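Reader: I have a structure open on my screen and I would like to learn how to read it. Could you take me through some features, one at a time?

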Amino acid sequence: VSCSSSVSTLMVKGRKKPKSRSRPSAILKVACCDAFVTFLWMIISSLFGEVTGYISSYFGFSELITGMTLSLIILSIFMNFSGYIGGAIFNPLLNMALIWSGKGSIIEHSVRIVLQLIGTFLGSYAALFFIPVPYQSKFPFLSGGLKDGVSIHLGVGCEAFLVFLMCYLFLVSVDAKGKFYGFYVPLLATIPFTLIGMNFTGPSLNPFVSLSWNSVFPRHTPEEHWIVYWMGPIAGAIFAGISYVLALRFGLFPFSNRKRTSSSSPTSSTKKKPVPTAAATASERKKAMTVTMSRASSTVSEKQKKKAASTKVSGAGSKKTN
């Protein structure tokens with residue numbers, strides 16, 4: 001059950017699409033939103049195991065199905081709340097994927113990652129302080145851990161693969177046209193991720209969550225922690241960002257709002273016409289008026305010449321008649 005709560009922290013994103021924020025005040029504002037949502041999620045997700053066990057035992061439901069259902073309900077609430085406060089994210093791997101896909105600046109995402117780390121530790125320690133000890137029986141398992149018979153190589157491969165899928169789906173949801181790919185796909189993806197990862201690494205798929213809970217309840221060896229729960233997820237996030245850019249470049253993402261960036265496309269090689277400025281427009285009008293006036297004057301002079309010529313001809317004819 002603790003696996004579903006940890007995976008659910010991965011896919012939360014606001015409905016508002018991430019935008020590049022250049023002003024320091026805007027960057028600090030969205031980073032504080034990340035820290036706040038991270039703080040709340042660490043406290044609420046720490047109770048998933050206890051609440052799931054109580055509901056499943058009371059009603060006789062399956063503990064796995066109950067945990068999945070509870071995670072999806074709380075996650076959907078958090079996704080809408082994150083969008084309401086400005087598109088908060090509380091997984092640094094999603095920020096890394098955004099950096100490598102060209103969304104936002106490195107400074108912006110670095111500040112957000114630092115605030116997410118602070119919110120993670122504050123949330124975990126707040127849960128330890130405010131939640132009664134009898135309800136903390138699931139806390140030691142929230143950091144994840146290699147299952148029996150799973151090697152470090154298999155564990156790092158599992159974390160990297162699941163993070164790659166998670167970050168790729170997140171990038172798809174950012175650029176997706178409809179609500180299905182933008183909301184339901186990231187939400188429902190937590191189910192297969194949990195079912196796959198629970199037999200190998202937990203899963204964690206969030207290095208900050210693993211670090212915060214492992215610092216209180218040590219379960220990982222240093223080699224296991226830094227290789228499986230840090231190097232693997234970071235590699236998966238970077239590869240997801242690069243793969244997504246390549247997919248857009250070669251037109252492998254048909255349900256996106258973003259246009260193809262392929263250099264071979266005819267539209268990309270066509271140069272855009274420069275937008276005329278006010279000064280250029282005034283000078284063009286002046287030239288047009290000059291040309292019109294010169295044409296008008298030439299037309300008047302030609303009419304006068306024709307009139308004079310016709311007058312001479314008529315005068316010469318009258319003299320001959322006389």
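Author: Gladly! Let us begin with a pair of helices: helix 3 and helix 4 cross in a right-handed way. A crossing is right-handed if the near helix is turned clockwise from the far one by less than a right angle, and left-handed if anticlockwise. Please keep in mind that this is a predicted model, where local features need pLDDT of at least 70 and side-chain atom pairs count only at pLDDT 80 or more, while totals for chains, interfaces and linings use all residues. Residues are numbered from 1 along each chain as its sequence is written, and side-chain values use heavy atoms, with hydrogens and water left out.

Reader: At what angle do helix 3 and helix 4 pack, and how far apart are their axes?

Author: An axis is a line fitted to C-alpha atoms, for helices over the stretch in contact, and angles run from 0 to 180 degrees between N-to-C directions. Here helix 3 (residues 48-59) and helix 4 (residues 63-84) pack at about 125 degrees, with axes 9 Å apart. That angle makes helix 3 oblique to helix 4. Angles under 35 degrees count as roughly parallel, over 145 as roughly antiparallel, 65 to 115 as roughly perpendicular, and the rest as oblique.

Reader: Which residues of helix 3 and helix 4 meet?

Author: Contact means heavy atoms within 4.5 Å. From helix 3 come F48, V51, T52, I55 and S56, and they meet E63, T66, G67, L70, S71 and I74 of helix 4. By class, this contact has five nonpolar, five polar and one charged residues. Ala, Val, Leu, Ile, Met, Phe, Trp, Tyr, Cys and Pro count as nonpolar, Asp, Glu, Lys and Arg as charged, and the others, Gly among them, as polar.

Reader: How do helix 5 and helix 11 cross?

Author: The axes of helix 5 (residues 92-100) and helix 11 (residues 222-249) come within 8 Å and cross at roughly 35 degrees, in a right-handed crossing. L93, M96, A97 and W100 of helix 5 meet residues of helix 11, including P233, I234 and A237.

Reader: What is the phi of L205, and where does L205 sit?

Author: Most residues other than glycine have a negative phi. L205 is not a glycine, but has a positive phi of about 60 degrees. L205 is in the loop between helix 9 (190-197) and helix 10 (207-216), and is buried, with a relative accessible area of 0%.

Reader: How many helices and strands are there in the protein?

Author: Helices (H or I, at least four residues) and strands (E, at least two) are DSSP runs, numbered from the N terminus. The protein has 13 helices and zero strands, and buried residues make up 42% of its 322 residues.

Technical notes:
Buried means under 20% relative accessible area, exposed over 50%, partly exposed in between (1.4 Å probe, protein chains only).
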